[in-house]
Amino acid sequence: MYLPNEGKIWLATGSERVYLLPSMANRHGLIAGATGTGKTVTLKVIAESFSNMGVPVFLADIKGDVSGMCEIGVETKHIRRSIDNMHIEDFDYDAYPVRFFDVYGKKGHPVRTTISEMGPELLSRLLDLTDVQSGVLRIVFKVADDEGLLLLDLKDLRAMVQHVGDNASEYKLRYGNVSSASIGAIQRALLTLEDEGGDSFFGEPALNIADWFDWDEDGRGVMNILECAELFQHPMLYSTFLLWMLSELYELLPEAGDLEKPKIAFFFDEAHLLFRDAPKALLEKVEQVVRLIRSKGVSVWFITQNPADVPESVLGQIGNRVQHALRAYTPNEQKALRYAAKSFRVNPEFDTETVLQELATGEALVSVLDEKGVPTIVQRAGILPPRSSMSAAEDAVIQRVIQESPLHEKYGQAVDRESAYEILTGQVSQAAQGEEVPPSQPQEAPADTPAASQRPETATERKARELAEQKAKAAQEAAGAPSDPKADAKAEKEREKAEREREKAEAKAAKEREKAEQEKQKSRRKSAAATMAGKAASSAANTVGRELGRQLIRGLFGNLKK
C-alpha cells in the first residue's frame, strides 16, 4: 500500500509497521515460500504499490489469478479481518490499468521477437544444444550476418541451417568445421521447438519493450501481465523468454544511478526455472545483468519456493526479502530451511528457523533495506491485502481489455516480409527449374585476363545475380498486373533497386578481376626478375669460364716457349 504523503510502501504489520522504501527498491527483492502460503498476494500488494507511485510493472501470470488486477476487489471475511487487525484506515478497493500479453496470442497481445534479436546464446539454451552444436549455431548466425540474410522466424533459421550444411565445405576454411551431425541435431531441436509453439514466438512485429513504459490518466503505472498458463507447460521456453526480456531491458535503458523510485518493476515467477540447467556462460550473463541493471532503475523481484533455488551470486544482490512459511519433512528441505533462516539478520525475540515452520497463510518474515541500504532486523508480520480482485478475470473481460488497448492494432496482425527463407528457397527453386540468367553488360577485361563468361562465377556475383533475378521477376509480375499507380510505382522502385544491385555487383566483380590481374602482374614481375637474375648468373659464369680458359691457354703456351 503506497503512502504518497510519506513516500514509502506499507508492506506488512507485525509488532510494528514494515515499510519498503522506493529508493531502495532497485536493490531487487525475493518473495519465497511453500505452495499456498501467500506469495501471490505479496506480489500483488507490491505491484499495486509500484503502480500507484507511477512505476510501470511487468509480471508473469502462471496460474491466471493475477489477471484479476484489472477488476475492483471484493471484500471477504479474511480481508476484513486483516484490515481490522492491522488498523488500516481509508482502505479502498480499486482496479488497475492492465495490458495483457500472450506468446500464443490467445489471452493477450501476441509477443514476438526475431531470431536475430534472441541471439545464438539464448537460442542454444532454448534448443538444449551441446557446446559443439552451439558453436555451429554461432557459425550459422555469422554466415547470415556476413551475407546479409535476415533471420526473423523459425523457417528462416531452418533454411539458413540447411544452407550452411549444404555448403559446409565452402564455409569450413573461413568459419570452422560444420559437421552434418551437428546440423541434423539443430534441425531436430528446431522441429521440437516448433511443435511446442515456438513458431508463434518468433516473427514480426517484434515486441518493443518501450511499450511497457506507459501510464493511465491518473499517472499510475501500467501493469503488463504475461499470460503464462500455456507457456509454463514448456519451462525452457518460459525461462528463456523471461531472460530475453530482462536482457532487452538492460540494453534499452540508459544509466540512471540511484533514483527516488524505479523506472520499472520486473517480477519473475517460478524463478528457479531461470537457473535450472543453465550453462555457465549464460548463468554468468544473468548474474551480470542482475548486478548491473540496478543502476538503470530496474527493480527485479524473484518469486520462488525456496531461496536456495537462486544462485548465491544473484541472491547476494537482493536486499529486500519476504519469506513465507517453509515445510521441512525431508533432509533436503530441512537443509533448505536452515539456509533460509541464516539469510536474515537475527531478531532476539524469536528463533527464525522455528518461526519459518509456524507462519500462517498471509504471514511472512520480512527484512528490507533502510535509508542507508542496511538490511533491517527480520520481522514476523502479516502482509497487507491487495486492493484489486483476488479472483482470475473472466475471458470476456480479458478480451475487452485487449480490444481497448492502444497496442491491439500494433501487434494484432503478424507480418512476414522477405528474409532468409524467401531468398534461399527462391535460389533453390530457380536452380531446380533451370531458369536462364539474363546476360549482363559486357565489361572490358585486361589483356591476358579470361572473359567473364570463361571464368568461374564468384560467390558475390552469384548472390547478387540471383537477388537481382528475384527482384526483376517480381517487378515483371507487378508490371503485368492491372494498372495501379501504387503498384506501378512500387514496381518501378523494385526495377531501379535491382538495377542498382546489379551495377554494384558488376563493379565489385570488376574490382575483383582488377585485383586478380594485379596479382598476376605481380607474379609476372617476380618471374621476370628471377629470369633476369638467372641470365645474369649464367653470363657471369660464362665470363669467369672464358677468363679461366684464357689463363690456362696463356700458361700452356708460356711453358712451351720456355
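Which residue lies over the face of Y96? That residue is R220, at 5.2 Å from the ring centre.

This is a predicted model, where local features need pLDDT of at least 70, side-chain atom pairs count only at pLDDT 80 or more, and totals for chains, interfaces and linings use all residues. Residues are numbered from 1 along each chain as its sequence is written, and side-chain values use heavy atoms, with hydrogens and water left out.

**View 1. The whole chain, for orientation.** You're looking at 19 helices and 13 strands; helices (H or I, at least four residues) and strands (E, at least two) are DSSP runs, numbered from the N terminus. Out of 562 residues, 46% count as buried, where buried means under 20% relative accessible area, exposed over 50% and partly exposed in between (1.4 Å probe, protein chains only).

**View 2. Charges over rings.** Here R220 sits over the face of Y96, and R17 does likewise with W10, at 3.6 Å from the ring centre. To count, NZ of Lys or CZ of Arg must be within 6 Å of the ring centre and within 35 degrees of the ring normal.

**View 3. Zooming in on L226.** Leaving aside residues up to four places away in sequence, the contacts of L226 (heavy atoms within 4.5 Å) include F58, F101, V111, F241 and M245.

**View 4. Aromatic pairs.** The structure holds 14 of them. Rings of Phe, Tyr and Trp (its six-membered ring) pair if their centres lie within 6.5 Å; planes under 30 degrees apart count as stacked, over 60 as edge-to-face and the rest as tilted. F91 and Y93 are edge-to-face, 5.2 Å centre to centre with 85 degrees between the planes. F91 is buried, with a relative accessible area of 13%. Y171 and Y175 make another edge-to-face pair, at 5.8 Å and 65 degrees. Both lie in helix α6 (residues 168–175), four residues apart, about one turn of the helix, and both are buried.

**View 5. A cluster of rings.** Ring pairs join F58, W212, F266, F268 and F302 together.
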